[in-house]
Amino acid sequence: MSTAERYLNESLAAFDFGAPVVGAIRFGEGHINDTFVVHTQPADASCRRFILQRISPVAFREPERLMENIVNVTEYLGGIIDQSGGDRSREALQVVPAKDGAPFFRDGEGCCWRVFPFVEGTVCCQSADTPGQFAAAGRAFGRFQRLLRDYPADTLHETIPRFHDTEDRLAKLKWAVDADPKGRAAGCQPEIKFCLDREADCSVALQALREGRLPLRVTHNDTKLNNVLLDRETGAGICVIDLDTVMPGLSINDFGDSIRFGANHSAEDERDLGKVSLDVGLFDIYTAAFLEGAGGTLTDAELEYLPWGAKLMTLECGIRFLTDHLDGDVYFHIQREGQNLDRCRTQCKLVADMEKHWSELEAIVAKYR
Ligand code: ADP
Ligand code: GN1
Ligand code: MG
């Protein structure tokens with residue numbers, strides 16, 4: 001039994017679901033939190049579902065501050081959605097407080113649990129079956145950025161320090177290679193070399209930020225396709241979820257992380273690298289959709305750096321997977337040994353593809369400027 005399962009019943013008892021709980025099972029394919037779907041049975045209505053999550057204590061050291069961000073951001077988004085005649089219960093996450101009124105429950109080991117109503121009538125895709133789904137996600141993440149344009153960024157806590165500091169990520173990889181606690185470095189020399197060869201790239205966006213060419217905005221920072229819920233009927237991207245890393249950041253990273261995950265036709269941990277390649281057509285579709293959703297929020301410089309967002313988020317993720325593989329898989333959930341190395345390899349393959357198609361990517365972005 002995992003630690004999360006040990007505290008599941010205690011956590012269920014800490015929230016008022018409005019009706020008897022009839023079951024709770026693991027749910028979703030997130031790499032970080034322990035997620036369960038809870039079924040309740042009201043006496044006079046059909047089953048209602050909730051998402052119950054144990055916030056990863058490895059990823060998030062200050063869960064109370066993280067939840068403060070989420071409560072504030074979801075209330076802010078809800079206000080804007082109400083004003084525009086939308087439905088905040090479907091278009092933004094809603095935090096269900098614990099019985100004691102707090103936005104989370106702390107279990108016997110000090111881990112925090114939280115509850116959101118399940119957003120019904122939606123689908124969550126692990127990969128885009130159609131280009132339309134990818135475009136829908138792009139519009140939703142672009143819109144997310146636009147809606148938070150005037151959010152007071154200085155009131156947000158940094159939930160993971162230096163989260164998208166690619167220079168720091170590379171430094172951490174070097175430490176892991178040197179320490180090599182699991183004796184795995186010998187088995188991944190080509191991947192280590194691939195990442196270290198791109199040291200100069202790691203500074204490109206950060207340097208542009210330092211020089212004031214790229215603005216700091218409120219960003220999501222984890223814009224995988226499976227972090228947006230699509231309407232089951234219309235296919236529209238309606239609710240951006242996984243708000244743990246909403247922090248000041250770069251818009252090009254929100255764009256880029258979606259490209260990393262979605263502009264290809266393979267799983268993130270695909271072992272047959274022959275199946276892994278960047279789909280330039282999907283890059284084009286996502287660019288158009290993201291910019292439509294962002295509705296003029298982005299500056300010329302941000303547009304110019306969009307291909308860099310894609311390359312750097314992919315490289316950085318490869319670096320992070322490799323570091324975690326060397327560290328012994330302590331951060332990203334794995335289902336099999338070597339999975340983080342496999343994940344790293346797909347990222348390296350995608351980076352190499354982006355380099356190969358670089359002028360095409362720039363031309364696509366130029367088309368929409
Ligand atoms: P992680 O940080 O581990 O990725 P997420 O918050 O993304 O955790 O949740 C994991 C998965 O749970 C999502 O990919 C999605 O499938 C599902 N999920 C999370 N919140 C909701 C919700 N409110 N309604 C429906 N599904 C949800
Ligand atoms: C994690 O939480 P999830 O599964 O949506 C990670 C992202 C990585 C991603 C790689 C808080 O995202 O940064 O890009 O895995 N989230 C965190 O799939 O580290
Ligand atoms: Mg997620």
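Helices (H or I, at least four residues) and strands (E, at least two) are taken as DSSP runs and numbered from the N terminus. The expected span of a helix is 1.5 Å times one less than its number of residues. The model is predicted, so local features need pLDDT of at least 70 and side-chain atom pairs count only at pLDDT 80 or more, while totals for chains, interfaces and linings use all residues. Residues are numbered from 1 along each chain as its sequence is written, chains are lettered from A and ligands numbered from 1 in the order in which they are written, and side-chain values use heavy atoms, with hydrogens and water left out.

Helix H5 covers residues 131-147, and its 17 residues should span 24 Å, which agrees with the 24 Å between its end C-alpha atoms. Of these 17 residues, 12 are buried, where buried means under 20% relative accessible area, exposed over 50% and partly exposed in between (1.4 Å probe, protein chains only). Among the buried residues are Phe134, Phe141, Phe144 and Leu147. Their cover, counted by contact (heavy atoms within 4.5 Å), includes helix H3 (63-83), strands S7 (217-219), S8 (228-231) and S9 (237-240), and helices H9 (251-262) and H10 (280-294).

H3 has 21 residues and should span 30 Å; its end C-alpha atoms are 30 Å apart, in agreement. Its buried residues include Leu66, Ile70, Val73, Leu77 and Ile81. An α-helix has 3.6 residues a turn, so residues three or four places apart point the same way. H5 is part of the cover of the buried residues of H3, as are helix H4 (88-91) and strand S5 (112-117). Just after H3, Gly85 takes a positive phi of about 80°.

Which residues coordinate the magnesium ion (ligand 3)? They are Asn227, through OD1, and Asp242, through OD, at 2.2 Å; donors are N, O and S atoms within 2.8 Å of the metal (3.2 Å for Na, K and Ca), and sites may look incomplete because water is not among the atoms. Asn227 lies in the loop between S7 and S8 and Asp242 in the loop between S9 and strand S10 (247-249), so the pair ties together parts that are 15 residues apart in sequence. Asn227 counts as buried at 5% relative accessibility, whereas Asp242 is partly exposed at 23%.
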